[in-house]
Amino acid sequence: MSIESDKVNSTTKDDITEHSLSEQVKLNLVHYNLWTNVIIHDTTPSPSSSVISGISPTSKQLEWIVPKSFTNKDITIPEIETWFVQITTINTKRPSKLIIAIVNDDSTVVYYNIHDGLVKPKQN
Amino acid sequence: MTKKELHLQDEIDDDESNINKNDIENNYDIEDETPDWKILTRSLGSANNSNNTNGTSGIPKRGDKDFEPDNTDIQTSTLQESREAMYDAISGVRGHHLKQKLLSIWIEDEEDGGYSIIPFMKGNYFRDIGKAYPNRRYKNCIRLNPIETVYLVERGSMIIYLGDEKFTNYLKDEEEGEFNIEEELVPVDLELLYSLAFINERYTIDKYQVYSYLKRHGYLILEVDPKKQQPPQWKRLEQYESSKGQSRSIISWGWDWKKWIQSFWRPFPPTHSLHYLTTHYFKVIDIFKSLRLIPTYQIYDSLRKTINTTTTTTSTTLDDYKISFNVWKPGSQFSKSNPSQLPDYQIVVVNTDKVKFPTLKVIQRLVNTIEYRFPFEQPSQIPTPPVIKKNDKMISKRQLKYDQRQKSNQSKLNTAQLNNIEYLKKRDNLLKYGKTSKQSNRNVVIGVINNGIINLINLIENEFSLTSESVIDELTQLHKEKSDIHGIVYNGDK
Amino acid sequence: MAKFHKKHLNKIYGYPIPITTTSEAYGVSLPEVYPHNPISWLFFAYKLIQYNLSLTVPQSEIKFIEVELDQSSMFKVDQTDDVLRLWRRGFFGKGILSRSEPTWKERTINRLNLNSEGEGGSNLLMEDVTVKRREGRQKYKDERSKIQALELLQRKGEILSNDDLKLLDEYRENMAKLKNPNIRSNGDGDNDEEYIREEDEVLIDEDTNQLISNLEFLQLQSIEVFFLKFGLNVIKITHNQLKLSTRDLFLQCCQLQSSSTVIKPNNQFIFEYVVYHHYRSLGWCVRSGIKFGSDMLLYKRGPPFSHAEHAVMIIPNDESESESSQYDWFELASRARVIGTVKKNFVLTFVDYPHDIEDVNEIWSQVTDEDDDKEILSQFFKLYKITEILYRRWSPSRTRD
Amino acid sequence: MNNSNDNIASDDNELSEIDVSRLSLHQTKLPIILPVINLHRDPQVLIFDLENLKTLRNEYGILGVLIGTLSQYPQQNFFLSIPLRLFVWEVIWLVENNIGVLLDQVNYRKEKLLLQNSKGLKSSNTISLNKDGSVNDTSSTSPNFIITKNTDEIENNDQDLLHKHQINIQDYINAYLSNNPQMNGSKFIRNYHNYKYFKELKYFVSPGLKFGGDFVLYPSDPLRFHSHSVVKLNSINLNDIVVGGRLSTGVKKNFVVIEDKDSDDKVDDDISIDKLFTSSSQTVFSIEWAGFG
């Protein structure tokens, strides 16, 4: 659904929102989903999305999380590709998957695994 | 063979109703899965085995399949078995016993590409199929459209020959003597028939797929002639409303008076920011009433003259959205000789590569082209055909006990409470299905074809405010106090 | 059993809206009116006049719920009584660390086996335990950081030497032994124990074994805030310590969706608000539908009572656009399927909007006061119109009879 | 074949090996006839020949959709029969790989009929069936059944006539595009490239609207295997991720998004066959619910 998107120059406001989005996801990970070692990585110069790393209590694995606000539903496949590239600059190695954290304006955060490439589904 | 056929049919029906009982609203559709054809032969086997009557072997189970190929011999051979079962089944012959022989002749025609005629009609396929075809040679001759023709031939119930010039002349009685169809004409195979039958926009494979899919489910179907104009519904509505307009205000006069007294004590309009700080509210429901603000569409708004006349008629989208079939349920009393019974479903067939999901305007105009009777046009008593419960004895003891308990519980309630239960049930049905009875429903089914796969979507007119006249009448009968607030779901006593 | 449960719920969540009625405040009610009995009319009028003259409107005496629009565009409510009032009367908002009602504090006290407020320090025995635990935890932390250092190397893809691997095993063993003193076991010794994360330690006051602060607040959606302000007038909203008027709030909400200063009538917030107001005014409890791929969920009463019955998708009715809609079949089919598997009814809510308004700001062309703003907005919202269409998958095998 | 896609972890994916030998081996055989009906108004390829259907499924993993009534059990929809309706990507793929040739069915059959009539050829449509439904071949028994054959069995290999009515792939695509306004040239090329990507990884690909996507992927024949993925082509939004992820995970699949790397947003009405048959590379991600939150 595309509504008005003639964005006025408002980078500062976007930056604040972007930062708070990461904080919101971090809080949710640490105190709702009980993750540990959650760190927000600044990925300047690209203000479009910051990256979070942390350890999941169930898998005990290091995971990479990219927060997105549900207010703006636009997303492209090349954009996802840039997230993987961004993480590579922090982590030296391209991860096999990342987690997208979609933040709704009612404070709900939903998480989806995004695997790099075509993989089989979980078998159970 | 017919016996086996019937038996399998029963099994499949039972399976479907089992699924029904377990999760009525569940979206899982067994037809979504690719079936394992070995079941078909297994069911055939069980038909011979009198011990197996519950038909459980016929349910295509999801769990029977594997996650991925592992290159084992056993997996390869089971796949081979399944494929063989499938190829075996589809290599079966299409036809019928010579004793029931039903012949037809394909006649090419400029306008619709062609049609077939049946000189000697027999069998019970013709409750909905075919139209009378008067000619000089055959008395009870009927004519089938391409879709009906392909359907009957494909299921093996009819054999078709290719009509030639000589035959056409014979039909017109311009030829002398008799015509031996089987001797003189060439039998048409299915491949040839498809290429003859589907050569224009009116009869497409997409439409045929929806038609044959529903026929296989036992529905009765009539094609809607695309050239036929429906009588304008809005004119009928206008006439009715102008005749009814006055009597209505008298009925509600008493309530208006009460509102007037209350408004006298309201220093500000209800949307004023000081409003709840300065006005007494005695009931929660009055708060909801005061919040009403957003205009909503009432069921018949789409019938107002404006919607129907202000539109450009050149649109191609609208041409794509036209009702193709009228459909009656298998158990209905319908027959083509007595078409007075309104169809249960009215279907438009579209293809995902051709059109997008319809806009509101398209939906409204589509709904306005359906065959429909307004509640005020209903015959006072709608004859409801007796419902024959196929599985009466299948009702479990538990169900019986539950029913009894329900009954005895209900007998303890007074009439007001019973009325209220009935009222809530009706109201919830209106919200959920857009109707309280089949007759008052305005809806269309869209048969969406995506690369050969059928998806059926029912789009139903509805209004959560429940303010349109037709529903008010129905609901107010049960709950007079709520005459103007049926749409408010809050039902507490606060 | 179920009946008792329902009664209990009815007691807590008795009112569907955070406005106090006169009947609730004073225990009075208006008499019934019978259309054919003029005496009942007179009695009704008499009572109405009597109450209006003798009683204060209860809502005027209740303090406004305080909502803050913070720097990051979140609408926060953090005073406990405000949170309770919003949640229990209409199920507004969501605890940021809870599924619905804010329960993080209780959950955390339980999870970490902490003292709740008021019972802490006086308990000497508890203090002993605290000291011991603190010592144990320090050891545990030391071991853990050693392990984490090695694990980090491993994760970075650096190959560990055999000695390192041995060391890692050793540390892990040690930690397994140490785990016990670090666990805050539940008094009844049941097994859902958990060791304390570093992240939790900062939350605990070591001396009293109490939670230092409540990290949770109630977050409201912009449509909820605007309804509470414009529709019900029960909140006071501040942003940067300044009070926001209805008009300010409206502009803020519209700009959350589009940073443009020109607000067009097809602003997403306006669409959502119009639909939200519509269903709220019909008594539905309306909550976000993100988990089911829909815009809103409609509950007859609210989450504790029953599941939502309807899932709403908002579709702007763009008649000015071409005849075909913006939606493809896949978008609708997939939503319908998700909604169908959770047994909800799929409602397409079309919204007509005024096409002849270029900029919504025009409606305030003359300077008006707060009260007029509300009236003007009401007139504006009346230019929108709602049409509902039900979307249902038809399964012919199920409707044969 | 393209294997330039660096997103694919091809080392642990046995499906990614492409069996080139099988394709080249086929070229010695006669191509499979792909009959097109209603070429100008609604071009559809329908297979009536059982042997062709078997070859398509067994050797090339082409499933198509059975749309005909199974005459033994004509009142159910689980098990359907011939004809097999192919979808447009299957058709293009078969033609690109020289496995099939397109045939203008109605004109071919009409001309063939004339030829047969002139020779006085006419096939019998009565047979003798045993009680168990099997065909009795002994000539001693008199026929008791009248049938309609799936396809014409007389002189099925008149190569000259076939050649005369063969349809050029460009004509087929043009007819397809002019009848399907939701498709345009560039979208057609993109979608076909995406189809080909999965096909070359040896997936069995079916249309996916029922599951809310463009394709459903099976690791092998769906007669024996559950599907792995629901695929959405080209554009996505956050709603697609939420809905697609939730939907597929619920039925033990994942949700796959794919985009042509070098696709441009231009909307072309025409199609260059060279561009269509060129190799391409894709960006692919597989999405599933993360299991928390």
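The legends below describe close-up views of a predicted model. Residues are numbered from 1 along each chain as written, with chains lettered from A and ligands numbered from 1 in written order. Local features need pLDDT of at least 70 and side-chain atom pairs pLDDT 80 or more, while totals for chains, interfaces and linings use all residues; side-chain values use heavy atoms, without hydrogens and water.

**View 1. An open sheet in chain B.** The 6 strands follow the order β4-β5-β3-β2-β6-β7 (chain B), and their pairing is mixed. β4 (131–132) and β7 (186–187) of chain B are the edge strands, each with a single partner, so one side of each has no neighbour in the sheet. Strands are DSSP runs of E with at least two residues, helices are runs of H or I with at least four, and both are numbered from the N terminus. Two strands count as paired if DSSP finds at least two bridges between them.

View 2. β4(B) and β5 (residues 142–144) of chain B run antiparallel and are joined by 2 bridges. Within this pair, A132(B) stands opposite I142(B) in β5(B). Helix α4 (residues 146–154) of chain B lies across β2 (103–109), β3 (113–118), β5 and β6 (159–162) of chain B, at about 90° to β5(B). Axes are lines fitted to C-alpha atoms, for helices over the stretch in contact, and angles between N-to-C directions run from 0 to 180 degrees; contact means heavy atoms within 4.5 Å.

View 3. F464(B) lies in the loop between β12 (453–462) and α18 (469–476) of chain B, and Y279(C) in helix α11 (residues 268–281) of chain C, so the pair joins two chains.

**View 4. Aromatic residues within chain C.** The rings of F271(C) and Y384(C) have centres 6.4 Å apart and planes at 80°, so they too form an edge-to-face pair. F271(C) belongs to helix α11 of chain C and Y384(C) to the loop between α13 (370–381) and β13 (385–393) of chain C, so the pair ties together parts 113 residues apart in sequence. F271(C) and Y384(C) are both buried. They belong to one aromatic cluster, whose members include F226(C), F250(C), Y273(C) and F381(C).

**View 5. Contact between chains A and D.** Here 34 residues of chain A are in contact with 36 residues of chain D. About 3,000 Å² is buried between chain A and chain D, with 65% from carbon and sulfur atoms. I77(A), Y112(A) and L118(A) supply 28% of the area that chain A buries against chain D, more than any other three residues. Buried area is the accessible area (1.4 Å probe) that two parts lose on being put together, summed over both.

View 6. Chain B and chain D bury about 8,700 Å² between them, 58% of it on carbon and sulfur atoms. In chain B, the residues losing the most area to chain D are R94(B), E191(B) and R216(B), together 9% of what that side buries.

Methods
Phe/Tyr/Trp six-rings, centres within 6.5 Å; stacked < 30°, edge-to-face > 60°. Buried < 20%, exposed > 50% of the residue type's maximum accessible area, 1.4 Å probe, protein only.
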